[in-house]
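Please keep the structure in view while reading.

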Amino acid sequence: MELYTDTYYIQRIQAGDTACFACLLDKYSRPVHSLILKVVRNREDAEELAQDVFMKVFKHLSSFKGECSFSTWIYRIAYNTAISETRKKRHEFLAIEESVINNVSEQEVAEALDRTDSSDQIQMLDAALAQLPPDERAIILLFYMKEKTIDEVATITGLTASNIKVKLHRIRKKLFFVLKGMEEQ
């Protein structure tokens, strides 16, 4: 159970009690690191970037206005930091033609992704996620694993809510094809 809210700690930090930052660090270090790791896919880079995120959070805490939840604000900083890092390191990612994606039904996708419950299937899903571009992996992670709403994911990524809906739809279809290909091998 949480003793105090994020707002309480933020107000204390802004009032000069910088030791309260440790409480926010304790609460958010794992989720932030997890998000960054899923995007950059390198443990050392993720640790360094997570440290960068918390330095940015501390430095810019005065700019947090409470228009969104603190977790959404910190995830946005983490997302932008991780995406910026991946842009520096160009990698090749899976490309699937638009016509192929459009020809699969949402029901087929849902059925295929719902079968992902055993540890082997979870490993396959993780391998499939690795083939997606970092921004798509991050959107999936935020929505499904961090259980952020469409609006929160939109705020974090800087995209519109409708764009997030479309991206989630397309990413699920991409995952369907990747998983289908893995099963056929």
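## Overall make-up

Buried residues account for 38% of the 185 residues in the protein. The model is predicted. Its secondary structure comes to 10 helices and zero strands. From the N terminus on, the elements run α-α-α-α-α-α-α-α-α-α. The accessible surface is about 10,800 Å². Carbon and sulfur atoms hold 50% of that surface. Take the contacts between residues at least 6 apart in sequence: 68% of them join residues at least 24 apart.

## Packing of α9 and α10

Two packed helices are described by the angle between their axes and the distance between the axes. Helix α9 spans residues 150–157, and helix α10 spans residues 161–184. They pack at an angle of about 100°, with axes 8 Å apart. Angles of 65 to 115 degrees count as roughly perpendicular, so α9 is roughly perpendicular to α10.

Which residues of α9 meet α10? They are I150, D151, V153, A154 and T157. On the α10 side, the partners are A161, I164, K165 and L168. The residues of this contact divide into six nonpolar, one polar and two charged.

Most residues other than glycine have a negative phi. R41 has a positive phi although it is not a glycine. E147, also a residue other than glycine, has a positive phi too.

| Residue | Phi | Loop | Relative accessible area |
|---|---|---|---|
| R41 | about 60° | between α2 (21–40) and α3 (43–60) | 36% |

Methods. Residues are numbered from 1 along each chain as its sequence is written. This is a predicted model: local features need pLDDT of at least 70, side-chain atom pairs count only at pLDDT 80 or more; totals for chains, interfaces and linings use all residues. Side-chain values use heavy atoms; hydrogens and water are left out. Axes are lines fitted to C-alpha atoms, for helices over the stretch in contact, and angles run from 0 to 180 degrees between N-to-C directions. Helices (H or I, at least four residues) and strands (E, at least two) are DSSP runs, numbered from the N terminus. Angles under 35 degrees count as roughly parallel, over 145 as roughly antiparallel, 65 to 115 as roughly perpendicular and the rest as oblique. Contact means heavy atoms within 4.5 Å. Ala, Val, Leu, Ile, Met, Phe, Trp, Tyr, Cys and Pro count as nonpolar, Asp, Glu, Lys and Arg as charged, and the others, Gly among them, as polar. Buried means under 20% relative accessible area, exposed over 50%, partly exposed in between (1.4 Å probe, protein chains only). Accessible areas come from the Shrake-Rupley method with a 1.4 Å probe; for residues, only the protein chains shown count as cover.
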